[in-house]
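Have the sequence and the coordinates open as you read.

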Protein chains: 2
Amino acid sequence: MDKFLEAAIEEAQKGLDEGGIPIGAVLVIDGKIVGRGHNQRVQKGSAVLHAEMDCLENAERLSAGDYQRATLYSTLSPCDMCSGAILLYGIPKVVIGENQTFCGPEAYVRSRGVEVEVINNPKCRQLMESFIQNNPELWNEDIGV
Amino acid sequence: MDKFLEAAIEEAQKGLDEGGIPIGAVLVIDGKIVGRGHNQRVQKGSAVLHAEMDCLENAERLSAGDYQRATLYSTLSPCDMCSGAILLYGIPKVVIGENQTFCGPEAYVRSRGVEVEVINNPKCRQLMESFIQNNPELWNEDIGV
């Protein structure tokens, strides 16, 4: 498996082990992971730290030039907010673990010039299917429904 | 002036006084402010806590029903990320202090069913014009250019 997607899955697993929502992300620049993160709704009581946002936050302040060489890996299709963060910073490529349990505005993100690659990895899907089945209310809260 | 926009401007001023980017926001539900925030790029070294995000984070975890009765006030037109957060949570109305110094994807946000009201308040504009003139690199970093 792609080692960066693997790192994102490790983040998702870490979130699950903490009692959180199992979604993970890593930001890669020039072949190196510069930020890692996972959903922090439960752990930090956060409404904004989805995995991708936590990852961008942990990568700390970067220049536009850095973001423009970056690829964001997420175990799950980015929601409207996380897609918006990708657009804000002009991140040119997103690799998505799966988009079967939830699918964000991928067509819109593509229309704004971002390369979107969907892997449909079974481990990513299994993590979410199991979590959603056991915690439907928490999951709905996370996606605003 | 609208007391909620006034509260958002107070947040922007607080950010400026802290040495930060002068953008503020408040979240209002049923006529009460439930969250306040301002841009935290300088203060917390944050890449994700724009004023609107800081405000949503400070409002803590809310139900979908809460967000669906909310209005978000921001002194500046929300960027792609902040607009995405509005869409994620189904916030039905955004009141914008000004969109002259920066304009986010307002047409897209409207096309997704959100009411977008632009005030073009002189104080909001003056805060940003003065800040951008004195700190162009910091401002560019904040909007990913």
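Glu11(A) and Lys14(A) sit three residues apart, about one turn, in helix α1 (residues 3-17) of chain A. Helices here are DSSP runs of H or I with at least four residues, strands are E runs of at least two, and both are numbered from the N terminus. An α-helix has 3.6 residues a turn, so residues three or four places apart point the same way. The side chains of Glu11(A) and Lys14(A) meet in a salt bridge, with N to O at 3.3 Å. A salt bridge means a side-chain nitrogen of Lys or Arg within 4 Å of a carboxyl oxygen of Asp or Glu. Glu11(A) counts as buried at 5% relative accessibility, while Lys14(A) is partly exposed at 41%. Buried stands for under 20% relative accessible area, exposed for over 50%, and partly exposed for what lies in between, using a 1.4 Å probe and protein chains only.

A word on conventions: this is a predicted model, where local features need pLDDT of at least 70 and side-chain atom pairs count only at pLDDT 80 or more, while totals for chains, interfaces and linings use all residues. Residues are numbered from 1 along each chain as its sequence is written, chains are lettered from A and ligands numbered from 1 in the order in which they are written, and side-chain values use heavy atoms, with hydrogens and water left out.

**Salt bridges**

Over all chains, the structure holds 18 salt bridges. Some of them are listed here.

| Salt bridge | Closest N and O atoms |
|---|---|
| Glu141(A) and Arg41(A) | 2.8 Å |
| Glu141(B) and Arg41(B) | 2.8 Å |
| Asp80(B) and Arg112(A) | 2.9 Å |

Glu141(A) and Arg41(A) are both buried, and the relative accessible area of Glu141(A) is 18%. Besides Arg41(A), Glu141(A) touches Arg61(B), Leu62(B) and Tyr89(B), leaving aside residues up to four places away in sequence. Contact here means heavy atoms within 4.5 Å.

Chain B has its own pair: Glu141(B) forms a salt bridge with Arg41(B). Glu141(B) lies in helix α8 (residues 136-142) of chain B and Arg41(B) in helix α2 (residues 41-44) of chain B, so this pair too ties together parts 100 residues apart in sequence. Both Glu141(B) and Arg41(B) are buried. Salt bridges with shared partners join Arg41(A), Glu141(A), Asp142(A) and Arg61(B) into one network.

**How the two chains meet**

In all, 34 residues of chain A are in contact with 34 residues of chain B. The copies meet through the same surface, because 100% of the interface residues of chain A are also interface residues in chain B. Between them, chain A and chain B bury about 2700 Å², 57% of it on carbon and sulfur atoms; buried area is the accessible area (1.4 Å probe) that two parts lose on being put together, summed over both.

Across this interface the rule finds four salt bridges. Which helices of chain A each supply at least two residues of the side that touches chain B? They are α2 (41-44), α3 (51-58), α4 (64-67), α5 and α8 (136-142). Helix α5(A) gives the most, with six residues.

**Helix α5**

Nine of the nine residues of helix α5 (residues 80-88) of chain A are buried, so the helix is largely enclosed by the rest of the structure. Among them are Asp80(A), Met81(A) and Cys82(A). Gly90(A), with a positive phi near 65°, follows α5(A).

In chain B, Ser83(B) is found in helix α5 (residues 80-88). Ser83(B) is buried, with a relative accessible area of 4%. Its contacts, not counting residues up to four places away in sequence, are Pro78(B), Pro105(B) and Val109(B).
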